[in-house]
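Thanks for coming, everyone. Let me put the structure up, and then I'll walk you through it.

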Amino acid sequence: MGILGLSKLIADVAPYAIKERELKHYFGRKIAIDASMCLYQFLVAVRSEGSQLTSADGETTSHLMGTFYRTIRLVEQGIKPVYVFDGKPPDLKGGELVKRAERRDEAQKLLQAAEEIGNTADINKFNRRLVKVTKHHAEEVKQLLQLMGIPVVDAPCEAEAQCATMVKAGKVYATATEDMDALTFGCDVLLRRLTFSEAKKMPVQEFHYDKVLEGLGLNKDEFIDLCIMLGCDYTNSIKGIGPKRAIELIKTYKSLEKIIENLDTKKYTIPDDWNYQQARLLFQNPEVMNADEIELKWSEPDEEGLVKYLCGEKQFNEERVRSGAKKLFKGRNTSTQGRLDSFFKILPSTNSTPQKRKIEEKKGASKKTKSSNSKFKGKAK
C-alpha cells in the first residue's frame, strides 16, 4: 500500500522536490529495485489483458517474462540494477495482510458473479484484485536474475527499508519503487516509473528526501508521524483526516502525542488501541542488513543456462532468449564506462551564477595582467 496520498501532497506543497528525467539520465547508476513491486506489476498486467503466460504444466510465467525483458531494457540504458526481495513481514503488518486476504476473498465472490453475467470490465477488475506475489514467484525470479548476471539481495524484512539503507550508505544511487514509504524509511532518492517509463512513454519521477522535508517544513520524525497519519501498512489512520489537515496538525503540534491531546474527538475518532508508536519505531529503526555487509557484483550472463531454464518447461522462444543474453552482454560492457561525475569531484555551488563566475574570473585575470605590466614598466624606468 505504501503511504496514502503522499505523492500528491508532495506535488502540491513541495513540487521542486520532484524532478522528471528520461531513462537515459541514469546511465552508469546503480539502482536498487523493489522486486515484489515489479512482480506484482507483471502479474497484474497480464491478468488485466485477459490471459496468462503459462508454462507447459500450466504455471504462470509472466513474472519471468517481464523480469527478463525489463531488466534487459534497463541494462541497455547503462543502468546497473540490483533486485531487493522482501523477507518476513513485521508482526505489526499482520493486520494489513489479514485485510488483504479478506479483500481477495471478497474479490473472488464478486468475480464469480461477474463471470455469470459476462461483465468483462468487472471480470478484469476483480481478477487484478486476486493477484498475489508468492514465495515461489520470487524464487523463480531470483534464479533467473542470477543467470542474467544481476545481483539479488534478500532483505531480512521490508525491501523498501533495505533499499533505503543501501542508498544512505552510498551503495546505490536510488531506490526504484512505486511505494512512497521508501521515503518514510529515509531514502535519499526515490524513483517512480523507472521500470516502465519507456514502455508507457512516461518520464521517471525522482523524489529527493531532503527537498521533501524542506518543502513540507518538517524534520525527519515529524515526517514519519505525517506518513502514519496519512495511512501506512502498519496501523489504522484517523478517519476524516486527509493529507492537508494532517500536515496542518503536524506543523501545529509537532507530534502525534500532542495531536491526540488536542484533537476534537467528537469530529475525529481515534482508532482503538492505535499502535502508532510501534509503527513509528518500525520506520525509525527497521530490521535491515548492514549495507557494508552487502556485496554487489554484476557478472556476464549465462546464455546456455538461460536457454536451459527458460526454453524447456517455461516455453520461451530460444532465439529471443539468446538475443536477450547478447543484449545483456553488450549492455554490461557499455555500462562499465561509468559516469563522468564518478571520476570528477563536483565542487559546491556558490551564490554567484556560472556566468557571473566566468566574468569575475576574466576580470581577475585582466587585473593581474595589468598589474604585472605596470610593475615591468616601473622596473624598465
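Some ground rules. This is a predicted model, where local features need pLDDT of at least 70, side-chain atom pairs count only at pLDDT 80 or more, and totals for chains, interfaces and linings use all residues. Residues are numbered from 1 along each chain as its sequence is written, and side-chain values use heavy atoms, with hydrogens and water left out.

Core first. The largest nonpolar core has 94 residues. By that I mean buried Ala, Val, Leu, Ile, Met, Phe, Trp, Tyr and Cys residues joined through side-chain atoms within 4.5 Å. Buried is under 20% relative accessible area, and exposed is over 50% (1.4 Å probe, protein chains only). Ile10, Leu194, Phe223 and Leu226 have the most contacts inside this core. Its largest share, seven residues, comes from α10. Helices are DSSP runs of H or I, at least four residues; strands are E, at least two; both are numbered from the N terminus.

Now α1, residues 6–13. Leu6, Leu9 and Ile10 are buried there. Among the elements covering them are β1, β7 and α10.

Most residues other than glycine have a negative phi. Arg193 has a positive phi of about 75°. Arg193 sits in the loop between β6 and β7. Asp273 also has a positive phi, near 50°. Its loop runs between α12 and α13. Buried or exposed? Arg193 counts as buried, at 17% relative accessibility. Asp273 is exposed, at 77%.

Notes:
Contact means heavy atoms within 4.5 Å.
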